[in-house]
Amino acid sequence: MFDDRSPIYLQIADQIKNDIVTGVLAEDEQVMSTNQYAAFYRINPATAAKGFGQLVDEGVLYKKRGIGMFVAPNARDLLRTGRKESFFADVVDPMIREAKAIGIPLTDIVRHLASYGDA
């Protein structure tokens, strides 16, 4: 489940974000408690709490006192917007710079992408 590439709490946050974006977790759905999460994945509860805390700070999760953590009503849209921005910055923009450097016209790129149809 977890790897050595980044801190576990960040991997926890990323996994929950991915579950929200892909629809595994719906808006206003309760998520596992930090203790349940820690027990299930056999990690320190403080590590799980740190990942959950980050998601609360980002507005992805919210707390209901005495009940637990829930997916924020706008979490999916918030995350998708952020991922779209990252996609263009991290994937599309470098691709366009490389295409220009090697002489591929933008129209060829658009034509090639269009051959895949709508995503």
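Colleague: Let's start with R42: is that residue buried or exposed?
Modeller: R42 counts as exposed, because its relative accessibility comes out at 79%. Here buried means under 20% relative accessible area, exposed means over 50%, and partly exposed lies in between (1.4 Å probe, protein chains only). This is a predicted model, where local features need pLDDT of at least 70 and side-chain atom pairs pLDDT 80 or more, while totals for chains, interfaces and linings use all residues. Residues are numbered from 1 along each chain as its sequence is written, and side-chain values use heavy atoms, without hydrogens and water.

Colleague: Where does R42 sit, then?
Modeller: You will find R42 in the loop between α2 and α3; helices (H or I, at least four residues) and strands (E, at least two) are DSSP runs numbered from the N terminus.

Colleague: And what is the phi of R42 like?
Modeller: The phi of R42 is near 55°, which is a positive value in a residue other than glycine. For background, most residues other than glycine have a negative phi. D28 also has a positive phi, near 65°, and it is not a glycine either. D28 belongs to the loop between α1 and α2, and it counts as partly exposed because its relative accessibility is 40%.

Colleague: Since we are at α1, which of its residues are buried?
Modeller: In α1 the buried residues are Q11, I12, A13, I16, K17, I20 and V21, and what covers them includes α2, α3, β2 and α4. As for the helix itself, α1 has 14 residues and reaches 20 Å from its first C-alpha to its last, close to the 20 Å expected at 1.5 Å a residue; the expected span is 1.5 Å times one less than the number of residues.

Colleague: How does α3 do on that check?
Modeller: The end C-alpha atoms of α3, which covers residues 45-57, are 18 Å apart, and this agrees with the 18 Å that its 13 residues should span.

Colleague: Which residues of α3 are buried?
Modeller: A48, G51, F52 and L55 are the buried residues of α3. They lie on the same side of α3, because they cover an arc of only 95° around the axis, the arc being that of the directions from the helix axis to the C-beta atoms. These buried residues pack against α1, α2, β1 and β2, whereas the face turned away from the buried side carries the exposed residues A46 and D57.

Colleague: New topic: how many salt bridges are there?
Modeller: The structure holds 2 salt bridges, each defined as a side-chain nitrogen of Lys or Arg within 4 Å of a carboxyl oxygen of Asp or Glu. One of them joins the side chains of E58 and K17, at 2.9 Å from N to O. That pair links distant parts of the chain, with E58 in the loop between α3 and β1 and K17 in helix α1, 41 residues apart. E58 is partly exposed, with a relative accessible area of 33%, while K17 counts as buried at 14% relative accessibility.

Colleague: And where is the one between R111 and D108?
Modeller: R111 and D108 both belong to helix α5, residues 106-114, and stand 3 residues apart, about one turn of the helix. Their closest N and O atoms are 3.0 Å apart. R111 counts as exposed at 53% relative accessibility, and D108 is partly exposed with 32% relative accessible area.

Colleague: Last one: what does L61 touch?
Modeller: Not counting residues up to four places away in sequence, L61 touches V31, F52, L55, V56, F70, V71 and A72, where contact means heavy atoms within 4.5 Å. L61 is in strand β1, and it is buried, with a relative accessible area of 3%. The C-alpha atoms of L61 and E29 are 9.6 Å apart in space, although the two residues are 32 apart in sequence.

Colleague: And L25, which residues is it in contact with?
Modeller: Leaving aside neighbours within four places in sequence, L25 is in contact with I16, D19, I20, V31 and V71. L25 lies in the loop between α1 and α2, and it is buried, with a relative accessible area of 15%.
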